Amino acid sequence: MPDFLADWLNQNDIFTAATMLHYWDGLVTTVQLVFLSLLLGMAIAIPLAIMRTAKSWFISGPVWLYTYLFRGTPLLIQLYIIYYGIAQIEGIQDTFWWTIFREPFYPALLAFTLNTAAYTTEIIRGAIVATPNGEIEAAKAYGMSWALRMRRIVLPSAARRAVQAYSNEVIFMLHASAIASVVTIVDLTGAARNIYSRFYAPFDAFIGVAVLYMILTFILVYVFRRLERHLLRHQRPLSH
Amino acid sequence: MKKLIVAASCAIAMMAGNVQAREWNEIRIAFDVPYEPFEYKTPEGELTGFEVELAEAVCAELRADCEFVIQAWDGMIPGLLARKFDAIMSSMSITPERAEHVLFSEPYYNTPGGWFGREDFNVDVTDMDAMQGKIVGVQRGTTMDTFVTNEMSDVVTIKRYTTAEDMVLDLEGQRLDVVFVDYPVGEQTVLSREGFKEVGEPVKLGEGVGVAMRPRDRDLAGKINAALNKLKNDGTYDAIMNKYFSYDIKM
């Protein structure tokens with residue numbers, strides 16, 4: 001941070017340079033956590049959504065069970081089970097897994113990824129099921145194989161229908177990431193709680209962090225609006 | 001209309017006058033339970049503990065009828081200011097931030113902070129070189145948190161927890177090397193389990209715990225201070241303390 005900025009900030013009671021740096025560290029953690037879990041969640045969700053639409057119960061059944069479990073329980077409970085549960089497994093401290101799960105970041109990433117993957121799977125599944133029959137019949141008439149049809153017709157068409165619902169899931173995920181602070185991660189909310197307990201200033205600390213969350217949300221909304229326009233450009237009138 | 005306003009303000013003035021002239025024959029005191037051994041309920045549902053017995057002794061000294069109110073911690077100071085009760089005797093540490101909102105009596109006890117770790121922990125917690133890179137758990141916003149943050153934040157990694165139970169789980173699961181926690185809390189949650197021990201001398205921190213009252217009730221503060229002072233000197237305080245503690249918390 002440049003000196004003139006630090007000097008200027010240090011005139012404040014609560015929002016000093018140290019406080020701002022604490023918020024900044026929290027912001028970086030939150031963005032990392034949410035971005036990585038959404039990316040991994042999406043990578044898991046696409047194949048699972050395709051499996052979920054399979055006719056065979058042996059393929060779709062396990063996926064149904066997984067989404068049922070993870071959508072049927074609160075994220076906080078899932079985080080507690082993964083974070084504290086892993087540490088209770090006999091002998092885990094002696095394996096290489098412990099180097100990963102000792103840090104709170106990775107259990108949280110795992111919980112968030114599994115949670116968002118479950119919701120995203122259902123969003124994409126819904127969009128795949130709603131593919132108009134005509135599109136599939138036309139693809140079949142062209143002699144496309146299942147894989148080619150999936151890649152060229154079904155998934156792009158599903159993406160257009162899923163994007164609005166998925167943008168909601170992304171924003172929910174950002175806000176749900178606030179619970180990471182209960183397992184000692186200093187994310188945005190964790191930073192706000194530390195600042196609150198240091199200065200006994202709940203309004204300043206939490207309104208400060210609320211503004212930061214809002215800015216992140218507005219950025220997400222803007223990005224998704226652009227994405228929607230891009231995906232749905234064929235539906236726009238030609239003029240204007 | 002004007003008469004009405006005058007009448008109303010007279011009525012308010014009289015009510016305010018009544019408050020000023022309160023004799024404090026009845027005092028409502030708030031506790032947050034359970035916080036063993038300071039305030040908790042017996043299996044029969046009876047409120048007891050060190051602070052409860054001390055409060056009873058203070059009331060007996062003041063010849064006042066006391067009503068004990070149960071109030072959750074986060075609503076303590078708001079409840080006091082909203083006149084739901086007149087005093088808080090619930091292990092509230094005296095801090096400058098709180099003193100802006102409430103009037104504190106003289107401190108009546110101070111528990112030290114204690115260092116606790118697993119049986120295999122053999123590091124001197126006051127030796128900064130040996131503590132390098134260790135992970136220390138504290139409860140967020142406690143005087144122990146402030147101490148570690150100010151004195152050791154360059155040396156150790158600090159993890160902050162909301163509840164002591166979560167912290168003990170992470171100590172057990174080896175995510176933490178050592179915890180620095182209010183001594184009685186550590187005694188209850190850490191030492192009561194197998195495989196843990198105290199790993200350093202207890203450290204006295206902060207200005208102690210006082211009775212919190214509304215800033216305007218200076219007369220009540222004066223009475224309570226006098227009563228506490230008498231109890232500390234005539235042996236009543238020591239008798240109650242020895243019932244609950246094996247170490248000295250008197251202040």
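Colleague: Hi! For residues 26-248 of chain B, how far apart do the end C-alpha atoms lie, and what share of the span is helix and what share strand?

Modeller: Those end C-alpha atoms lie 31 Å apart, with 35% of the span in helix and 21% in strand. Helices (H or I, at least four residues) and strands (E, at least two) are DSSP runs, numbered from the N terminus. Do keep in mind that this is a predicted model: local features need pLDDT of at least 70, side-chain atom pairs count only at pLDDT 80 or more, and totals for chains, interfaces and linings use all residues. Residues are numbered from 1 along each chain as its sequence is written, while chains are lettered from A and ligands numbered from 1 in the order in which they are written.

Colleague: Which feature does UniProt place at residues 26-248 of chain B?

Modeller: An unreviewed UniProt entry gives "domain: Solute-binding protein family 3/N-terminal" there. UniProt positions are in the numbering used here, feature names are shortened, and annotations may be inferred rather than shown by experiment.

Colleague: What does the domain assignment of chain B give?

Modeller: Domain 1 (25-110 + 207-244) and domain 2 (113-198). Such bounds come from an automatic or database domain assignment. Over C-alpha atoms, the centres of domain 1 and domain 2 of chain B are 29 Å apart.

Colleague: On to chain A. How many helices and strands?

Modeller: Chain A has ten helices and zero strands. Its radius of gyration is 22 Å, well over the 18 Å that the globule rule gives for 240 residues, so chain A is more spread out than a compact globule. That radius is taken over C-alpha atoms, and the rule is 2.2 Å times the number of residues to the power 0.38.

Colleague: Where does UniProt list "transmembrane region" in chain A?

Modeller: The unreviewed entry lists several spans, including 105-124 and 170-193. Residues 105-124 of chain A are 100% helix, with end C-alpha atoms 27 Å apart. Residues 170-193 of chain A are 54% helix, with ends 24 Å apart by C-alpha atoms.
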